[in-house]
Amino acid sequence: MYLINIKAAHSSLGTDNTRQIEITTASLSNRAPSADAGADLAASEGATVNLDGFSSSDPDGDEITYVWTISPSVALKNADTPAPSFAAPSVTSDTTYTLTLAVSDGTDAATDTVAVTVQDASR
Ligand SMILES: [Ca+2]
Ligand SMILES: [Ca+2]
């Protein structure tokens, strides 16, 4: 963030003639965040799968938002946080779920995916 002081030179403006203008780096040259959805995982059916997007970051230090989606569709808890979770569904054969993490710093966005293989327990 830049702070710029502007002082008017005209004498009729009196003493309160300084104004401060705040310019955030986002309005100058924002750098996009990087998304990191964590390492691929394997889980047993019925187990709770915990995801880890904490390695996502923004080179400017901007606060980033998280949106996770999963395919095939399964209920995701805390999908708008760095650490969502879901219950590995019952499967009839080993099934890979693909999770996509989209992060945004409000200006630019990035995505990453992670694969979670749910292993059939009935083999
Ligand atoms: Ca940024
Ligand atoms: Ca099964």
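From the N terminus on, the elements of the protein chain follow the order β-β-α-β-β-β-β-β-β. The model is a predicted one. In total, the chain holds one helix and eight strands. It has 123 residues, and 19% of them count as buried. Contacts across the sequence were also counted.

Four of the strands make up an open sheet. Their order in the sheet is β3-β8-β7-β5, and the pairing is mixed. Strands β3 and β5 are the edges, and each pairs on one side only. Neighbouring strands in this sheet are turned against each other by 25 degrees on average, with direction ignored. In general, the strands of a sheet pair through backbone hydrogen bonds, and they do so either parallel or antiparallel.

Two pairings of β7 can be described in detail. With β8, the pairing is antiparallel and extends over 10 bridges. Two residue pairs illustrate it. T98 has A115 in β8 as its bridge partner. V103 has A110 in β8 as its bridge partner. With β5, strand β7 also runs antiparallel, and seven bridges join the two. Here Y66 stands opposite V103 in β7.

The strands β7 and β8 form a hairpin, with four residues between them. G106 is in the turn and has a positive phi of about 95 degrees. G106 counts as partly exposed, because it has 14 C-beta neighbours inside 10 Å. N30 is 76 residues from G106 in sequence, yet their C-alpha atoms are 9.9 Å apart in space.

The largest nonpolar core has 16 residues. Within this core, A37, L51, L99, L101 and V116 touch the most other members. The elements that give two or more residues to the core are β5 (65–71), β7 (95–104) and β8 (109–119). Of these, β7 gives the most, with four residues.

Which residues is L99 in contact with, leaving aside its neighbours within four places in sequence? The list is A37, L51, W68, I70, T113, V114 and V116. Is A37 buried or exposed? A37 is buried, because 24 other C-beta atoms lie within 10 Å and the cut-off for a buried residue is 20 or more. Residues up to four places away aside, A37 touches L51, G53, L99, L101, D112, T113 and V114. L99 is on the contact list of A37, and A37 is on that of L99. A37 and A102 are 65 residues apart along the chain, and their C-alpha atoms are separated by 8.9 Å.

Two backbone features were found in the loop between β5 and β6. Most residues other than glycine have a negative phi, and most peptide bonds are trans. The bond that joins S71 and P72 is a cis peptide bond, with omega at about -5 degrees. P72 is placed in the loop between β5 and β6 (85–87). N78 is in the loop between β5 and β6 as well. N78 is not a glycine, yet its phi is positive, near 55 degrees. With 14 C-beta neighbours inside 10 Å, N78 counts as partly exposed.

D120 is partly exposed, because 13 other C-beta atoms lie within 10 Å. Leaving aside neighbours within four places in sequence, D120 is in contact with E45, V91, T92, S93 and D94. D120 and A43 are 77 residues apart in sequence, and their C-alpha atoms are 9.3 Å apart in space.

Notes:
Residues numbered from 1 in each chain as written. Chains lettered and ligands numbered in written order. Predicted model: local features only at pLDDT ≥ 70, side-chain atom pairs only at ≥ 80, totals over all residues. Core = buried A, V, L, I, M, F, W, Y, C linked by C-beta atoms within 7 Å. Buried ≥ 20, exposed ≤ 12 C-beta atoms within 10 Å, placed from the backbone. Contact = placed C-beta atoms within 7 Å. Pairing = 2+ DSSP bridges. Axes fitted to C-alpha atoms, helices over the stretch in contact; angles between N-to-C directions.
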